[in-house]
Amino acid sequence: MSQENSEKKKQSNPVLSEQDKKIKEKLSQIEHKIMVMSGKGGVGKSTVSINLAIGLSLQNFYVGLLDIDIHGPNVPKMLGVEKGELQRRPDGTVGPVYYSPNLKFMSVEPLLPDKDSAVMWRGPMKMSAIRQFIYDIEWGKLDYLVMDAPPGTGDEQMTIAQIIPDAYAVVVTTPQEVALLDVRKSINFCKKVGMPIIGIVENMSGMICPHCGKAIDVFKRGGGERLSEELGIPFLGKIPVDPRIVTTGDAGKPIMAMYPNSHTAEAFEKVVQNVINVTQTMALRKKEDEETAKKEE
Ligand SMILES: Nc1ncnc2c1ncn2[C@@H]1O[C@H](COP(=O)(O)OP(=O)(O)OP(=O)(O)O)[C@@H](O)[C@H]1O
Ligand SMILES: [Mg+2]
């Protein structure tokens, strides 16, 4: 359906236009909205999303973490929050789930009948679930909403581009060529939908051998950094391969919270700091542009 037709349909559908109003209201309470994406699966989007959200919350920002990976929701397990902790309000609506006083999250996973259930939804169902995650959840006032996307540039990413016009993207890659090829697709997607890119995170970038202390380039190193230079996109940092990321993720105790003094947690901290710097600069620029436009009126 063309954009124009879908707009017409919305205007003639009071339920959809009421939802749109609620979505706008909810989003106006959230300062920065960040979608974490990648062209390839398994490169560490969920790991980066969770540690970014925790890192921001440790700096006293109010943070929301929304798992928009409908088919493979990983956030609850990686955060160690069980289904029973999902709040049900008296009016029947749910969530969000509190990980800490200033970090809330929501995912489709706690809503499934059991943890092995497969979600078999086509595009429109996923779109309406993501819309509902925005308008029906009590996010309140947030500094950051981090959204963990599935791989690629499908329905979930397009929904975010459509309903959150001021969302930014963080693109995660591993350093090797094939992953970098897919990153270009994510970047082209962002260009097409007009979503500004905060920067690139290079995950699984080298590994420090626990025995000899020397660096081993498991998936090569530096590819993401070179790509960001070539494309003029900020480079947000490199996260090394660290077996503790797997064990802490599986145990529901993310590395930023579990080993805050480790080299890997420090690498995540740099990413967090860079995200704060870039988003604040972007917000400042936007404000200046709005003021200039007002003066010109
Ligand atoms: N830097 C790292 N060092 C070691 N293991 C890692 C690292 N980053 C991620 N992993 C592990 O790799 C696996 C995939 O990571 P993750 O789930 O974050 O990727 P993803 O991009 O979200 O995957 P999907 O595309 O399936 O959503 C997980 O088991 C995670 O613990
Ligand atoms: Mg994931």
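Leaving aside neighbours within four places in sequence, which residues is Val146 in contact with? The legends below belong to a predicted model.

**View 1. Val146 in the largest nonpolar core.** The residues that touch Val146, apart from those within four places in sequence, are Ile34, Val36, Ser49, Leu52, Ala53, Val63 and Leu65. Val146 belongs to the largest nonpolar core, which has 69 residues. Val36, Val146, Met147 and Val170 are the members with the most contacts inside this core.

**View 2. Ala149 in the loop between β5 and α6.** Strand β5 covers residues 142-148, and Ala149 is found in the loop that lies between β5 and α6. Ala149 counts as buried because 26 C-beta neighbours lie inside 10 Å; the cut-off for a buried residue is 20 or more. Not counting residues up to four places away in sequence, Ala149 touches Met35, Val36, Met37, Lys45, Ile68, Asp69, Glu156 and Gln157. Pro110 is 39 residues from Ala149 along the chain, and the C-alpha atoms of the two are separated by 17 Å.

**View 3. The crossing of helices α5 and α6.** Helix α5 is formed by residues 123-135 and helix α6 by residues 155-163. Their axes come within 9 Å and cross at roughly 45°, so α5 and α6 are oblique to each other. The crossing of α5 and α6 is right-handed. On the α5 side the contact is made by Gly123, Lys126, Met127, Ile130, Arg131 and Ile134, and on the α6 side by Asp155, Glu156, Thr159 and Ile163. By class, the residues of the contact of α5 with α6 are four nonpolar, two polar and four charged.

**View 4. The crossing of helices α2 and α5.** Helix α2 runs over residues 14-28, and its axis comes within 8 Å of the axis of α5. The two axes cross at roughly 50°, and α2 and α5 are therefore oblique to each other. The crossing of α2 and α5 is left-handed. Helix α2 contributes Gln19, Lys22, Ile23, Lys26 and Leu27 to the contact, while α5 contributes Arg131, Ile134 and Tyr135. Four nonpolar, one polar and three charged residues make up the contact of α2 with α5.

**View 5. The crossing of helices α3 and α11.** Residues 45-58 form helix α3, and residues 263-296 form helix α11. The axes of α3 and α11 come within 9 Å and cross at roughly 70°, which means that α3 is roughly perpendicular to α11. The contact joins Asn51, Leu52, Gly55 and Leu56 of α3 with Phe268, Glu269, Val271, Val272 and Val275 of α11. The residues of the contact of α3 with α11 fall into six nonpolar, two polar and one charged.

View 6. Most residues other than glycine have a negative phi. Asn60 has a phi near 70°, a positive value in a residue other than glycine. Asn60 sits in the loop between α3 and β2, a strand of residues 63-67. Asn60 counts as exposed because it has 9 C-beta neighbours inside 10 Å; the cut-off for an exposed residue is 12 or fewer. Met204 also has a positive phi, near 60°. Met204 is part of strand β7, residues 197-208. With 25 other C-beta atoms within 10 Å, Met204 is buried.

Key:
Residues numbered from 1 in each chain as written. Chains lettered and ligands numbered in written order. Predicted model: local features only at pLDDT ≥ 70, side-chain atom pairs only at ≥ 80, totals over all residues. Core = buried A, V, L, I, M, F, W, Y, C linked by C-beta atoms within 7 Å. Contact = placed C-beta atoms within 7 Å. Axes fitted to C-alpha atoms, helices over the stretch in contact; angles between N-to-C directions. Helix = DSSP H or I, 4+ residues; strand = E, 2+ residues; numbered from the N terminus. Parallel < 35°, antiparallel > 145°, perpendicular 65-115°, else oblique. Left-handed = near helix turned anticlockwise from the far one by under 90°. Nonpolar A, V, L, I, M, F, W, Y, C, P; charged D, E, K, R; others polar.
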